[in-house]
Amino acid sequence: MSSFVFIGGDPAIDFLNTEIAQEGRRIDLFGRPDDVLQWLKEVSGRDVRSPLSLPKVKQLRAAARVLIASGRRPRRREVDVVNAALARGRGSFQLRTSKGEIRTHFQPEADDALFMLASYVADFLASADLSLVKPCQGTNCVLHFYDTTKSHTRRWCSMAGCGNRMKAALHYRRSRAAGG
Ligand SMILES: [Zn+2]
């Protein structure tokens, strides 16, 4: 089983979700460079052999968090961080079809971890509707997801996780209020 969380609906958001919270404590799933390579392997399906600087990965993740999930106007500072990572690597544009629609997709070469991460971020920023990036409503949960439901009513990172916990908490509160 993977030790990472893949509920974001897009690798760019799953990248943000490598910082999680458990019992109110923040946990960074990128503790070592090998964690980043393992994550990239699980996302891309390819063996990524790349020297990398963990502080740079975290700097990129922090910039991506602001650009993708803060709701703020994009600022030069964060854009520069992503661009610096994008300048490192190579890749190619491809066409992909999904549900009868055609889209461009950038396929990074698997030889530079920071570049791969930045290309996921750039791909998402260029094509996504950022108003559909939402935080999970679970108490103390810090995960985000891309709400691709038709009605745009997704509220939880996962029904099995926060969805259930919140339902149980609500039920408990209601039954206590009813004196039960
Ligand atoms: Zn959650």
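Predicted model: local features only at pLDDT ≥ 70, side-chain atom pairs only at ≥ 80, totals over all residues.
Reader: Happy to start with the overview: in what order do the elements of the chain run from the N terminus on?

Author: Good place to begin! The chain holds six helices and six strands. Its C-alpha trace spans about 65 × 40 × 35 Å along the principal axes. From the N terminus on, the order is α-β-β-α-α-α-β-β-α-β-β-α.

Reader: Are helices H3 and H5 roughly parallel or roughly antiparallel to each other?

Author: Two packed helices are described by the angle between their axes and the distance between the axes. Here the axes of H3 (residues 54–69) and H5 (residues 113–127) come within 10 Å and cross at roughly 5°. Angles under 35 degrees count as roughly parallel. H3 and H5 are therefore roughly parallel.

Reader: On to the hairpins: which residue takes a positive phi in the hairpin of E1 and E2?

Author: Strands E1 (residues 19–22) and E2 (residues 25–28) run antiparallel and are joined by four bridges. One of the pairings sets Ala-21 against Arg-26. Two residues lie between the strands, and the one with a positive phi near 50° is Glu-23.

Reader: Which residue in the turn between E3 and E4 has a positive phi?

Author: Eight bridges hold E3 (residues 91–98) and E4 (residues 101–108) together in an antiparallel arrangement. Ser-98 faces Glu-101 of E4. The hairpin has two residues between its strands, and the turn residue with a positive phi of about 50° is Lys-99.

Reader: Now the metal: is the site of the zinc ion tetrahedral or irregular?

Author: The protein donors are the SG atoms of Cys-136, Cys-141, Cys-157 and Cys-162, lying 2.3 to 2.4 Å from the zinc ion. Ideal angles for four tetrahedral donors are 109.5 degrees. The angles among the four donor atoms here are 104 to 116°, and the site is tetrahedral.

Reader: Last one: how many residues apart are Cys-141 and Cys-157?

Author: Along the chain, the donors of the zinc ion follow the spacing C-x4-C-x15-C-x4-C. Cys-141 sits in the loop between strands E5 (133–135) and E6 (144–146), and Cys-157 in the loop between E6 and helix H6 (159–177). This pair links distant parts of the chain, with a separation of 16 residues.

Methods:
Residues numbered from 1 in each chain as written. Heavy atoms only, no water. Axes fitted to C-alpha atoms, helices over the stretch in contact; angles between N-to-C directions. Parallel < 35°, antiparallel > 145°, perpendicular 65-115°, else oblique. Pairing = 2+ DSSP bridges. Donors = N, O, S within 2.8 Å, 3.2 Å for Na, K, Ca; no water. Tetrahedral: all angles 85-135°; square planar, octahedral: opposite > 155°, others 65-115°.
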